[in-house]
Amino acid sequence: MAERYYLTTAISYPNGKPHIGHAYELIATDALARFKRLDGYDVFFLTGTDEHGIKMLQNARAQGLTPRELADANSAAFQRMSVALGGSNDDFIRTSEARHKATCQAIWKRMEEAGDIYKDSYSGWYSVRDEAYYGADETVLKEDGSRIGPQGSPVEWIEEESYFFRLSKFQEPLLKFYEDNPDFIGPNERRNEVVSFVKSGLRDLSISRTTFDWGIPVPGDERHVMYVWVDALTNYLTATGYLEDPNGERSGFWPADLHVIGKDITRFHSVYWPAFLMSAKLPLPKRVFAHGFLFNRGEKMSKSVGNVIDPFALVETYGLDRLRYFLLREVPFGQDGNYSHDGIVNRTNSELANDLGNLAQRSLSMVAKHCEGKVPQPGAFTANDEEILGAADGLLAIARTCADRQEIHKILDAIISVVSQANRYFAGEEPWALRKSDFDRMQTVLYVTAEVLRKVAILFQPFVPESASNLLDILGVHANDRGFDELTNTARLAPGAALPAPRPIFPRFVEEEGDSAN
Ligand code: ME8
């Protein structure tokens, strides 16, 4: 049976419409999910919305809505965004669903039975924007008398009866866990921050609120609702059904292989979440990877579209594959990055349209014209042929290693450097001249080029699914022959197979009136 692989995005607050940061996280996680599926894994890919808490309640009030109305409207927009971005998620969880309430109450009871929950009163600082409690030492008093937390958001003083989780008890077990599992947090920078945060000492955590009721009731004491992060983190477990039925259809996906999140929520995922699970005596996720933040370089992107920070408008303006390619290629995954109109156009025109698109067009139109539209019959391979074929054959091993470290940009870098090498090979072999001087050799060069394109196209599928699929179509690759098991050095295009007429795969982005950068 295929090995399982369970990966998740963070679940977004549907207090507003989805933005480019949400789109970025979904696209990157989707690329990893597609990669693992093509590599033969049984994948479960989860995304969703985080609907409870004071932030949702306050936003709803401000708009004259109930929190449920606000959640319903925006959660639907997040679901549409996933479709628009080509998201291949297998489920979409909403924390307001009944299945989630049951799992949250079950995990709470397990933590309580372990003796890790007690009632006391909380007094301290709280940031509604971050939905986070902060110690006084983490806040800063500003000149105007207001106070902000470590991420720059305002904090307010709260005092109320609350249940606490004995987080302090887990300081040593967590440090030991990080040491025994050096890959639990990536990238390394984030891991170092977490380790030093935990070493500096953990205070018990307030995990319930009494001043509002938009949340999941604490079992046995319904005056309290759970702190939204206890509820939110548990979504990953809910979707597998593991707590309800350890032998259920999806239960085998727990523990998760990978939680993809933004760097601002690393502490919740790599400190609180494993501590809750340790307390509840449940298996811990294998890895948390925190990506960076995306910023618009401040330029106005498109007059015709208006605010292109809207993911739907970005897809409309650039096309989905250009957007996916740019985000995954331009920004090293794990670091902060900028996006801009010029950045998207330049990157995709130069690498997709020029490097890959032109090579495919030039080589396959020669095949159509001079080889009766059939995969050409190669002769013996020269050292040059072997070199470029070897480079293409070597891509899978590189890509696998990078995928397991979430170094998505490095996978694309490796693929594009083989494409550049193939361009140099093609230009150096001059098949157009060979047509007259050595027809057999021309066929070999066209064969080798087509075979390299086939490997590149198969590996490109997770990142630019539609264009990669179009390229595989014109290479005559059957839908069943597009998995990564077709990337070995024994899998080759079959000479003589009929090819459909070539058509342009990666057209250049042409500026239209109003699309200019400024
Ligand atoms: O944090 N660039 O929800 P959220 C890149 N509900 N990533 C960004 C970003 C940006 N500009 N802005 C936000 C929450 N993100 C919680 C998560 S998980 C159990 C609960 C990322 O809607 C952010 O880091 O504020 C997070 O991973 C995701 O988008 C959702 O953010």
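Residues are numbered from 1 along each chain as its sequence is written. Because the model is predicted, local features need pLDDT of at least 70 and side-chain atom pairs count only at pLDDT 80 or more, whereas totals for chains, interfaces and linings use all residues.

Helices (H or I, at least four residues) and strands (E, at least two) are DSSP runs, numbered from the N terminus. Strand S1 (residues 4-8) is largely enclosed by the rest of the structure, because 4 of its 5 residues are buried; a residue is buried if 20 or more other C-beta atoms lie within 10 Å of its own, exposed if 12 or fewer, and partly exposed in between, with C-beta atoms placed from the backbone. Two strands pair if DSSP finds at least two bridges between them. S1 runs parallel to strand S2 (residues 42-49), to which 5 bridges join it, and leucine 7 stands opposite phenylalanine 45 in S2. S1 also runs parallel to S14, with 2 bridges, and there the bridge partner of leucine 7 is leucine 258. Together, S1, H1 and S2 make a right-handed β-α-β unit; right-handed denotes that, with the strands pointing away from the viewer, the path from the first strand over the helix to the second runs clockwise.

The ligand has 18 residues around it, of which Ala10, Ser12, Gly21, Asp50 and Gly262 come nearest. A residue is near a molecule or strand if its C-beta atom, placed from the backbone, lies within 6 Å of it. Helix H1 (20-38), helix H7 (228-238) and strand S14 (258-262) each supply at least two residues of this shell, and the largest share, 4 residues, comes from H1. By class, the shell has 10 nonpolar, 5 polar and 3 charged residues; Ala, Val, Leu, Ile, Met, Phe, Trp, Tyr, Cys and Pro count as nonpolar, Asp, Glu, Lys and Arg as charged, and the others, Gly among them, as polar.

Most residues other than glycine have a negative phi, and most peptide bonds are trans. A cis peptide bond joins glycine 186 and proline 187, with omega about -10°. Another cis peptide bond, with omega about 5°, joins tryptophan 254 and proline 255, and proline 255 is placed in the loop between H7 and S14. Glutamate 372 has a positive phi of about 55° and counts as exposed, with 11 C-beta neighbours inside 10 Å. Glutamate 430 has a positive phi of about 45° and is partly exposed, with 13 other C-beta atoms within 10 Å.
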